[in-house]
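Hi,

Here is the model I promised to pass on.

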Amino acid sequence: MDLLKVSNLCKIYGNGEAAVTALKNVSFSVPKGEYVAIVGESGSGKSTLLNIIGALDNPTSGKVILGGKNIFSMEDRKLTVFRRRNIGFIFQAFNLVPELTVEQNIIFPVLLDYQKPDRKYLEELLEVLNLKERRDHLPSQLSGGQQQRVAIGRALLTRPSLILADEPTGNLDTQNSSEVIALLKEASKKYEQTIIMITHNRRIAQTADRVLQVSDGVLTDFGRCRE
């Protein structure tokens, strides 16, 4: 069963002669638990696609169905709540709150939703992410790789339907990049977590279950990667 279905998605910026078409009738679907990589050059439209799937931007036309719900048919307030509860984000820049500890950063989205964190699951994530000894540290006391692991924990804790990772290794060295990608792969398998990651690195993209490419706003599905 498909968790995500994108249908005839178009995005045009500007009007008249100044109009720029960022996405051209993009359609694809993602079943639950699949780990998908989207590759493309800078300016190809891949970030625009990710932002629309994550309801951070609106399409000019087309639909995004997540968990059977047409997200752009919702009013703004309901969409905000739906996004917070169903979509986790991992950004290149980590986006941690500098005044909060590792543990506080991870549970922050849950507290924003006026919920109590699942302490057992939190402990499991801290173990999987190798952050137990760092739980009381501030982001400034962590390496780049450790900060990105905190961001992964923050995205996983709410058990979202979908995780969107935007160049998650962009600020990391080769070793930390490999560790972060391995963690995403493990999350996909261990927790049946559906993940869409955009990257310009084709070697990293090959770690995914399936690779899509966006070029000049047009999407091509390269199919499943070989194990």
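Which helices do the buried residues of helix 3 pack against? They pack against helix 2, helix 4 (119-128) and helix 5, with contact meaning heavy atoms within 4.5 Å. The buried residues in helix 3 are V102, E103, N105, I106, I107, P109 and V110 (buried is under 20% relative accessible area, exposed over 50%, partly exposed in between, with a 1.4 Å probe and protein chains only). Helices (H or I, at least four residues) and strands (E, at least two) are DSSP runs, numbered from the N terminus.

Some ground rules: this is a predicted model, where local features need pLDDT of at least 70, side-chain atom pairs count only at pLDDT 80 or more, and totals for chains, interfaces and linings use all residues. Residues are numbered from 1 along each chain as its sequence is written, and side-chain values use heavy atoms, leaving out hydrogens and water.

Now the salt bridges (a side-chain nitrogen of Lys or Arg within 4 Å of a carboxyl oxygen of Asp or Glu). The structure holds 14 of them. One of them joins D113 to R84, with the closest N and O atoms 3.1 Å apart. That pair links distant parts of the chain, 29 residues apart: D113 sits in the loop between helix 3 and helix 4, R84 in helix 2. D113 is buried at 11% relative accessible area, while R84 is partly exposed at 28%.

E103 has a salt bridge with R119, the closest N and O atoms being 2.6 Å apart. E103 is in helix 3 and R119 in helix 4, so this pair ties together parts 16 residues apart in sequence. E103 is buried, at 14%, and R119 is partly exposed, at 41%.

Strand 6 (87-91) has 4 of its 5 residues buried. Strand 6 pairs in the parallel sense with strand 7 (residues 162-166) over 5 bridges (pairing takes at least two DSSP bridges), and I87 stands opposite L162 in strand 7.

Finally, helix 3 is followed by Y114, whose phi is positive, near 55 degrees.

Cheers
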